[in-house]
Amino acid sequence: MPKTVNVRVTTMDAELEFAIQTNTTGKQLFDQVVKTIGLREIWFFGLQYVDSKGFTTWLKLNKKVTSQDVRKENPLQFKFRAKFYPEDVSEELIQEITQRLFFLQVKDAILTDEVYCPPETSVLLASYAVQAKYGDHNKEVHKAGFLSNDRLLPQRVIDQHKMTREQWEERITNWYAEHSGLLREDAMMEYLKIAQDLEMYGVNYFEIKNKKGTQLYLGVDALGLNIYEFED
């Protein structure tokens, strides 16, 4: 019996476990994942792992999984994430599962401040996220406090303004009530259409140094390369 290796792949909304052979390639594992979740628009995605030095990197599809520097754990851990971002989400993201995975990943990037989002836009985006989760606003059901367990705004936005949680909820709910009649999947798409105009949307960052040894970030997106100072 050939030796098998246990693998755990975490998508934005599920956890999958596989047993792979020692000679399984990155592509074979990737194909297994997309087949399991029923994803056809596979060209946007990749598998991320943390290497033995603690850096996050992308799994090479043409090499064996076990020959790559994946941190030694049992099971081996991978994240299934969007690697490439479309220039226009409404034109290029067709399948509902693709839209949902992008929505969840972009929302997470905004909430963790990986993508900077101004306060007003944060509130509007939060209202679309609420529509996507709860459907149409209903005064009888969605009473004050119904959002108390939801993470909806970046902590930076909350810290910058002297507003209570109740006041934030009221502002979000006012926008949310305006979205009545919007299907959940359309609310996700509206969220993405606003998010794609944010400056840091869809940028992958790499730490680099210039000749003087100054620490910089190289930002790579669909439109090209930018270099950012560490403090920006």
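Trainee: How many bridges join strand β3 to β5, and which way do the two strands run?

Mentor: In this predicted model, β3 covers residues 45-50. One of its residues, Leu-47, has Phe-80 as its bridge partner in β5. The two strands run antiparallel, and the bridges that join them number 4.

Trainee: What is the bridge partner of Val-7 in β5?

Mentor: Strand β1 (residues 4-10) is joined to β5 by 4 bridges, and these strands run parallel. In β5, the partner of Val-7 is Leu-76.

Trainee: And in β2, which residue is the bridge partner of Val-7?

Mentor: β1 is joined to β2 by 7 bridges, and the two run antiparallel. The partner of Val-7 in β2 is Phe-18.

Trainee: What is the order of the strands in the open sheet?

Mentor: The sheet has 5 strands with mixed pairing. Its edge strands are β2 (15-21) and β4 (56-58), each of which pairs on one side only. On average, neighbouring strands are turned by 35° against each other, direction ignored. The order is β2-β1-β5-β3-β4.

Trainee: Why is strand β5 largely enclosed by the rest of the structure?

Mentor: β5 spans residues 76-82, and a residue counts as buried when its relative accessible area is under 20%. The strand is largely enclosed because, of its 7 residues, the number buried is 5.

Trainee: At about what angle does α3 run to β5?

Mentor: Helix α3 lies across two strands, β3 and β5. Its angle to β5 is about 105°.

Trainee: Helices α3 and α7 also cross; is that crossing left-handed or right-handed?

Mentor: The axes of α3 (residues 96-111) and α7 (residues 184-195) come within 9 Å and cross at roughly 50°. That angle makes α3 oblique to α7. The crossing is left-handed.

Trainee: How do the residues of the contact of α3 with α7 divide into nonpolar, polar and charged?

Mentor: On the α3 side the contact includes Phe-102, Phe-103 and Val-106, and on the α7 side it includes Met-188, Met-189 and Leu-192. The division is 9 nonpolar, 1 polar and 4 charged.

Trainee: Is α4 roughly parallel or roughly antiparallel to α7?

Mentor: Helix α4 (residues 119-134) packs with α7 at an angle of about 160°, their axes 7 Å apart. Angles over 145 degrees count as roughly antiparallel. That makes α4, relative to α7, roughly antiparallel.

Trainee: How many nonpolar, polar and charged residues does the contact of α4 with α7 have?

Mentor: Among the residues that meet are Leu-124, Leu-125 and Tyr-128 in α4, and Ala-187, Met-188 and Ile-194 in α7. By class, the contact has 11 nonpolar, 2 polar and 3 charged residues.

Trainee: Are α4 and α6 roughly parallel or roughly perpendicular to each other?

Mentor: The axes of α4 and α6 (residues 165-178) come within 8 Å and cross at roughly 65°. The two helices are therefore roughly perpendicular.

Trainee: Does α4 pass α6 in a left-handed or a right-handed crossing, and which residues of α6 take part in the contact?

Mentor: The crossing is right-handed. In α4, residues including Val-123, Ala-126 and Val-130 meet α6. By class, this contact has 9 nonpolar, 2 polar and 2 charged residues. On the α6 side, the residues are Trp-168, Arg-171, Ile-172, Trp-175 and Tyr-176.

Terms used: Residues numbered from 1 in each chain as written. Predicted model: local features only at pLDDT ≥ 70, side-chain atom pairs only at ≥ 80, totals over all residues. Heavy atoms only, no water. Buried < 20%, exposed > 50% of the residue type's maximum accessible area, 1.4 Å probe, protein only. Pairing = 2+ DSSP bridges. Axes fitted to C-alpha atoms, helices over the stretch in contact; angles between N-to-C directions. Parallel < 35°, antiparallel > 145°, perpendicular 65-115°, else oblique. Left-handed = near helix turned anticlockwise from the far one by under 90°. Contact = heavy atoms within 4.5 Å. Nonpolar A, V, L, I, M, F, W, Y, C, P; charged D, E, K, R; others polar.
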